[in-house]
Amino acid sequence: MAARALPGEQGSGRPRGGGAGGDAAPPPPSLVERLRAVHLRMVDAVLAGDGLARVAELAAEAAQGPVAIVVPRIGGAVVAPARAAAAGELPALKRYLSDRLRDRPAEVPEAVVSEVPIAAGDEMLGAVLLLAGDGRPPPEAGEFLHLAAVASLTEVAVEEAKEEVEQNLRGSFLEELRSRVELEPDELVRRAARLGTDLSGGAIVLCAELTSERPRHVVATIAGEHPGALAQHMDDRVYAVLPAVGSGADAAALTAAAARRLAGRLQRHGTVGLSSFYLDPAELPRAVQEAELVLDVLRQSDAPIAEDIGTGTYRLLFRVLASHPEEVRSFYEDTVAPIVSYDDQYATDLAGTLEAYLEQNCNMNATAAAIYAHRHTVAYRLDRVRELTGLDPMQSEDRERLGLGLKAYRIIAPRLPK
């Protein structure tokens with residue numbers, strides 16, 4: 001016989017197994033539900049732009065202990081809670097991960113309790129690390145570290161996508177400068193500002209041809225050494241626009257000094273050419289051409305340039321060559337072109353002898369010693385210079401023209417027909 005409800009049971013509204021007058025407490029979420037909830041919050045944090053810091057906070061909360069996330073590839077290194085004693089371990093953790101990624105021997109820091117790699121395929125990009133805290137982490141802590149690693153990989157993808165867009169924008173901007181597309185100064189300043197570069201106070205252009213296989217490192221060095229620099233690797237060269245340092249009358253000198261220091265840092269990676277300082281943004285295409293000319297001379301000229309190529313007469317000639325190349329070529333043709341042609345035809349060194357004579361303050365004996373020749377040989381060659389050019393090295397005015405002609409030759413030599 002079926003059981004019958006006792007009076008008062010049916011429809012009484014009393015919960016089964018519940019406490020007096022209240023609803024039963026919901027059962028605690030399962031581990032799977034907790035993992036799903038934390039995962040969604042981590043992904044939301046990344047997509048909302050909160051970055052690795054928020055991911056580390058969520059992981060630390062779930063794992064019940066301090067969590068550090070270190071991703072050298074994007075320069076990310078955070079620890080949560082931010083005020084945890086473990087925050088002091090961050091420099092050691094960065095060194096540890098840096099050594100790991102370079103396949104160097106690395107001792108695990110004492111503060112690390114557990115570690116989960118952040119990896120794309122077989123490539124390790126960083127790690128999520130559970131650090132020693134006040135209590136013992138729960139057995140499932142490792143599961144939350146894995147979620148943080150997945151979210152961190154998403155952050156890497158987001159950052160690299162943003163970097164790719166910025167690279168394309170930088171490349172487009174610099175390519176237009178290289179192509180000498182006519183752009184309004186205000187438009188140049190606006191576009192550069194959107195890329196984080198202030199060109200309103202002028203700039204210097206850097207052009208480098210690399211001998212190392214580290215173009216990204218060179219670009220990063222430029223960005224780190226010169227605030228606001230706009231740099232990009234294009235066509236086997238690195239181009240950079242270096243905005244003005246300071247303002248007013250000192251800007252040109254301060255920017256040139258900063259550019260020379262940067263070029264010195266980059267020389268171990270290749271050859272570096274610098275333009276002079278251009279105040280007017282509309283002249284930046286010419287600055288690009290000037291930097292390329294300087295680079296070509298430094299790379300291809302067989303003869304050394306005694307004067308600092310970044311200053312003095314050479315710099316003036318480069319500026320003229322960038323804007324009016326025919327004038328420099330014409331001056332070369334009117335001065336030393338005949339002796340250069342004679343040297344090529346008869347394997348002599350009239351140009352070298354003339355240059356040494358000028359460098360030795362027109363002292364015949366000193367010139368002879370410098371080029372390892374007899375004094376009479378020097379005199380004979382200088383006579384040939386006079387005969388071929390119509391300019392007398394013994395006369396002050398003619399010497400000035402010959403000296404400037406030699407400088408013009410040195411900077412256009414890489415572009416002369418062989």
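How many helices and strands does the protein chain have?

## Overall make-up

The protein chain has 15 helices and eight strands, where helices (H or I, at least four residues) and strands (E, at least two) are DSSP runs numbered from the N terminus. This is a predicted model, in which local features need pLDDT of at least 70 and side-chain atom pairs count only at pLDDT 80 or more, while totals for chains, interfaces and linings use all residues. Residues are numbered from 1 along each chain as its sequence is written, and side-chain values use heavy atoms, with hydrogens and water left out.

Of the 418 residues in the protein chain, 42% are buried. Buried means under 20% relative accessible area, exposed means over 50%, and partly exposed is in between (1.4 Å probe, protein chains only). Among contacts (heavy atoms within 4.5 Å) between residues at least 6 apart in sequence, 61% join residues at least 24 apart.

## Nonpolar cores

A nonpolar core is a set of buried Ala, Val, Leu, Ile, Met, Phe, Trp, Tyr and Cys residues joined through side-chain atoms within 4.5 Å. The largest such core has 30 residues, and those with the most contacts inside it are Met42, Val55, Val67, Ile69, Val71 and Val128. At least two residues of this core come from each of α1 (31–47), α2 (51–63), β1 (67–71), β2 (76–80), β3 (112–120), β4 (123–131) and α4. Another core, of 29 residues, lies apart from it and includes Phe318, Val336, Tyr342 and Val385.

Valine 67 has contacts beyond its neighbours within four places in sequence: Ala56, Ala59, Ala60, Val78, Val79, Ala80, Val128, Leu129, Leu130 and Leu145. In soluble globular proteins, nonpolar side chains tend to be buried together.

## Aromatic pairs

Rings of Phe, Tyr and Trp (its six-membered ring) pair if their centres lie within 6.5 Å; planes under 30 degrees apart count as stacked, over 60 as edge-to-face and the rest as tilted. By this rule there are two aromatic pairs. Tyrosine 332 and tyrosine 409 form a stacked pair, 5.7 Å centre to centre with 15° between the planes. Tyrosine 332 lies in helix α10 (residues 325–334) and tyrosine 409 in helix α15 (residues 396–412), so this pair ties together parts that are 77 residues apart in sequence. Tyrosine 332 is buried at a relative accessible area of 5%, and tyrosine 409 is buried at 16%.

The rings of tyrosine 342 and tyrosine 346 have centres 4.7 Å apart and planes at 45°, so this pair is tilted. Both tyrosine 342 and tyrosine 346 belong to helix α11 (residues 337–346), where they are four residues apart, about one turn of the helix. Tyrosine 342 counts as buried at 19% relative accessibility, whereas tyrosine 346, at 47%, counts as partly exposed.

## Helix α5

Helix α5 (residues 185–194) has Leu188, Arg191 and Ala192 buried. They cover an arc of only 100° around the axis, which puts them on the same side of α5; the arc is that of the directions from the helix axis to the C-beta atoms.

The buried residues of α5 pack against α4 (141–178). On the face turned away from this buried side are the exposed residues Asp186 and Arg194. Just after α5, glycine 196 takes a positive phi of about 85°.

## The largest pocket

Grid points are joined across faces, edges and corners, and a volume is the space filled by probe spheres set on the points. The largest pocket holds about 1,100 Å³ of space. Its lining has 27 residues, of which Arg73, Glu163, Arg216, His217 and Ala220 are the closest to its centre.

Two or more lining residues come from each of α3 (90–101), α4, α6 (215–225) and β6 (230–234). The largest share, eight residues, comes from α4.

## Two single residues

Leucine 101 is found in helix α3 and is partly exposed, with a relative accessible area of 29%. Leucine 101 touches Pro72, Met124, Leu125 and Gly126, residues up to four places away in sequence not being counted. Leucine 101 and arginine 73 are 28 residues apart in sequence and 9.7 Å apart in space, C-alpha to C-alpha.

Glutamate 140 sits in the loop between β4 and α4 and is buried, at 19% relative accessible area. Not counting residues up to four places away in sequence, glutamate 140 touches Leu31 and Arg34.

How values were computed. On a 1 Å grid over the protein atoms alone, a cavity is a set of points where a 1.4 Å probe fits but cannot get out, and a pocket is an open set with protein on both sides within 12 Å along at least five of seven lines; lining residues have an atom within 4 Å of a point.
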